[in-house]
Amino acid sequence: PNAANAQATVTLTSGPLIDVCILEATSGGVLTRNGEGTLLGSEESGGSPGTLTVVALGTSPTLTFQAPSISTPGGDSTTTGEIAYSSIGGADQDYTDALSTASAGVLLDTFTVHGRLLNDDGFLAGTYQISTVVTCSQ
C-alpha cells in the first residue's frame with residue numbers, strides 16, 4: 001500500500017491589542033501644620049500622602065497631573081498649593097504648582113502623592129484641601 005501524503009497549514013494570528021489604563025485613588029492624604037504655622041503639608045508630622053494605583057494593559061502609560069486646585073475658607077486669598085509625587089516604577093516630581101507628566105515605568109505602579117499649602121501670613125480657621133486630577137494616556 002502507498003502511504004498518503006498529508007499536508008497541514010498552521011496559521012498564527014493575533015487579536016487586536018487594546019491599551020487599557022485604570023487609575024484608582026487608593027487613599028487620600030492628610031495635611032498638618034508646620035511649627036511656624038505657614039505650611040499645611042502631608043509631609044509634616046502627623047500628615048500622610050495620598051496614593052494612586054495604576055494598572056495598564058498594552059503599553060506603559062503616561063500620567064498627566066493637572067495643576068493642583070485648592071479649597072480654602074472664605075476670605076483667604078493668599079494661600080497657594082503644590083503637589084509632589086514619586087512611584088515604585090521610578091517617577092519622581094518635586095513640588096510644583098503646574099501641570100506635570102510622568103511615565104509609569106511598569107504596567108502596575110503605585111504613586112505616592114504629597115501636597116502642601118503655603119501662606120506666609122498663616123492660615124485662617126477652617127478646612128483646607130488640595131487636589132489634582134490625574135489622567136492616563138497610552
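Analyst: Two strands count as paired if DSSP finds at least two bridges between them. This is a predicted model. By that rule, 3 strands form an open sheet, in the order β9-β5-β12. Their pairing is antiparallel. In general, strands of a sheet pair through backbone hydrogen bonds.

Start with the edges. β9 (100-103) and β12 (134-137) each have a single partner strand, so one side of each is left without a neighbour in the sheet. From one strand to the next, the twist averages 25°.

Now the pairing of β5 with β12. These two run antiparallel and are joined by 4 bridges. T62 has S137 in β12 as its bridge partner.

S100 counts as buried, because its relative accessibility is 8% and the cut-off for buried is under 20%. Its side chain makes a polar contact with the side chain of Y85, at 2.9 Å. Beyond residues up to four places away in sequence, S100 touches L63, T64, F65, Y85 and Q93.

The largest nonpolar core has 17 residues. Among those with the most contacts inside it are L63, F65, Y85 and A102. β4 (50-57), β5 (62-65), β7 (80-87) and β10 (108-118) each supply at least two residues of this core. β10 gives the most, with 3 residues.

L117 is another of the residues with the most contacts inside the core. Leaving aside neighbours within four places in sequence, its contacts include L31, L39, I70, F123 and I130.

Note on methods. Residues are numbered from 1 along each chain as its sequence is written. This is a predicted model: local features need pLDDT of at least 70, side-chain atom pairs count only at pLDDT 80 or more; totals for chains, interfaces and linings use all residues. Side-chain values use heavy atoms; hydrogens and water are left out. A nonpolar core is a set of buried Ala, Val, Leu, Ile, Met, Phe, Trp, Tyr and Cys residues joined through side-chain atoms within 4.5 Å. Buried means under 20% relative accessible area, exposed over 50%, partly exposed in between (1.4 Å probe, protein chains only). Contact means heavy atoms within 4.5 Å. Axes are lines fitted to C-alpha atoms, for helices over the stretch in contact, and angles run from 0 to 180 degrees between N-to-C directions. A polar contact is a pair of N or O atoms within 3.5 Å; within protein, one must be able to donate a hydrogen and the other to accept it, and residues adjacent in sequence count only if both atoms are side-chain atoms.
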